[in-house]
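Reader: I've got the files open and I'd like to learn how to read them feature by feature. Could you walk me through?

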Amino acid sequence: MNEIRPQVHPIFDPATWTFTYVVHDGPGSDCAIIDPVLDYDPKSGRTSTRSADKVVAYVREHRLNVQWILETHAHADHLSAAPWLRQQLGGRIAIGSHITTVQKVFKGVFNLEPEFRLDGSQFDRLFEDGEVFEIGRLQARVMYVPGHTPACVAYQVGDAVFVGDTLFMPDVGTARCDFPGGDAKALYASTRKILALPPQTRLFMCHDYPPNDRPVACETTVAEQRARNIHVHDGITEAEFVRMRTARDATLEMPVLILPAVQVNIRAGQMPPKEANGTAYLKIPINAL
Ligand SMILES: [Fe+2]
């Protein structure tokens with residue numbers, strides 16, 4: 001990777017504990033937006049752009065040119081604001097190429113319309129493992145890091161890595177692996193892949209769920225994770241991790257927004273096609289998940 005140290009601006013969404021990032025090379029440069037959130041109220045079925053408005057304000061304030069809107073995976077805890085941001089600011093929406101596996105699984109779960117395409121063409125670009133692309137002067141590299149979902153990717157930009165749902169802050173551990181297509185063994189391998197990067201590499205989390213009264217945090221390093229991550233610090237074997245992860249996942253409830261979020265996010269953040277009355281609907285499969 002080139003040696004440029006990108007500027008990273010986190011925007012925290014307290015409703016879903018998600019971090020959206022704007023990564024750039026200084027005022028007036030090109031930028032990428034990573035994992036933007038569309039606010040969704042499950043009680044009313046209403047969306048709003050409170051969170052994404054903050055992204056727009058930051059991009060305009062710093063006169064950034066949006067080249068990319070990057071998703072680390074099809075999130076289960078929030079809806080993506082990618083299409084709305086593309087409309088406001090431009091840029092191309094991208095995700096890992098294995099999104100097609102996730103589309104296939106959930107087309108079945110939600111019995112989606114026959115026209116729903118399983119080739120990922122709802123996104124502007126699908127990335128393969130190891131692919132390199134540019135964000136202006138910054139060079140970015142895609143790391144395929146499955147486990148939480150079969151399609152997860154992390155984005156390495158200079159000395160910064162946006163890890164998606166793989167590692168959490170050291171005192172929180174790792175992401176769950178019990179969604180359809182999740183795999184604790186694969187997540188262990190993915191965390192080792194990230195932790196093999198140079199020790200000073202900056203790691204940016206997709207979420208934080210701080211225990212006790214620790215303030216919310218989004219940034220750590222490979223060295224800190226290897227020393228202190230409660231699930232995958234150096235010395236934890238794959239077998240130990242898988243046993244812990246599987247037992248812990250069995251105790252977790254489904255995220256509040258998983259049903260709306262997945263339906264929208266496998267469409268690159270678009271709502272389902274409107275019905276004859278001009279309204280779009282989301283489905284709730286009964287006893288299916
Ligand atoms: Fe996730």
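Author: Leaving out residues up to four places away in sequence, His62 touches Pro27 and Gly28. Some ground rules: this is a predicted model, where local features need pLDDT of at least 70, side-chain atom pairs count only at pLDDT 80 or more, and totals for chains, interfaces and linings use all residues. Residues are numbered from 1 along each chain as its sequence is written, and side-chain values use heavy atoms, with hydrogens and water left out.

Reader: Where does His62 sit, and is His62 buried or exposed?

Author: Elements first: helices (H or I, at least four residues) and strands (E, at least two) are DSSP runs, numbered from the N terminus. His62 is in the loop between α1 (50-61) and β6. His62 has 19%, and counts as buried.

Reader: Which backbone oxygen does the side chain of His62 reach?

Author: Here you want polar contacts: pairs of N or O atoms within 3.5 Å; within protein, one must be able to donate a hydrogen and the other to accept it, and residues adjacent in sequence count only if both atoms are side-chain atoms. The His62 side chain reaches the backbone oxygen of Tyr58, at 3.0 Å.

Reader: Which residues have a positive phi although they are not glycine?

Author: Asp35 is one of them, with a phi of about 55 degrees. Asp35 lies in the loop between β3 (30-34) and β4 and is buried, at 2% relative accessibility. Arg63 also has a positive phi, of about 50 degrees, and is found in the loop between α1 and β6. Arg63 is exposed, at 57%.

Reader: On to the metal. What are the protein donors of the iron ion?

Author: Donors are N, O and S atoms within 2.8 Å of the metal (3.2 Å for Na, K and Ca); water is not among the atoms, so sites may look incomplete. For the iron ion, the protein donors are His73 (NE2), His148 (NE2) and Asp165 (OD), at 2.0 to 2.4 Å. Along the sequence, their spacing reads H-x74-H-x16-D. His73 belongs to the loop between β6 (65-70) and β7 (79-80), and His148 to the loop between β11 (138-144) and β12 (153-157), so this pair ties together parts that are 75 residues apart in sequence. Both His73 and His148 are buried.

Reader: How do I read strand pairing, say for β1 and β2?

Author: Two strands pair if DSSP finds at least two bridges between them. Strands β1 (residues 7-13) and β2 (residues 18-24) run antiparallel and are joined by seven bridges. Phe12 has Phe19 in β2 as its bridge partner. Their hairpin has four residues between the strands, and Trp17 takes a positive phi near 60 degrees there.

Reader: What is the strand order in the open sheet?

Author: Its six strands go β10-β11-β12-β13-β14-β15, with mixed pairing. At the edges stand β10 (132-135) and β15 (219-221), each with a single partner strand, so one side of each has no neighbour in the sheet. Inside that order, β13 (residues 160-162) and β14 (residues 202-204) run parallel, with three bridges joining them. Phe162 stands opposite Phe204 in β14.

Reader: How many salt bridges does a search of the whole structure find?

Author: A salt bridge is a side-chain nitrogen of Lys or Arg within 4 Å of a carboxyl oxygen of Asp or Glu. The search gives 14. One of them joins Arg86 to Asp124, with the closest N and O atoms 2.9 Å apart. This pair links distant parts of the chain, 38 residues apart: Arg86 is in helix α2 (residues 82-89), and Asp124 is in the loop between α3 (99-110) and β9 (125-127). Arg86 is partly exposed at 26%, and so is Asp124 at 32%.

Reader: Last one: how enclosed is helix α7?

Author: Eight of the eight residues of α7 (residues 258-265) are buried, so the helix is largely enclosed by the rest of the structure. Among them are Ile258, Leu259 and Gln263. Their cover includes β4 (37-41), β7 and α3.

Notes
Buried < 20%, exposed > 50% of the residue type's maximum accessible area, 1.4 Å probe, protein only. Contact = heavy atoms within 4.5 Å.
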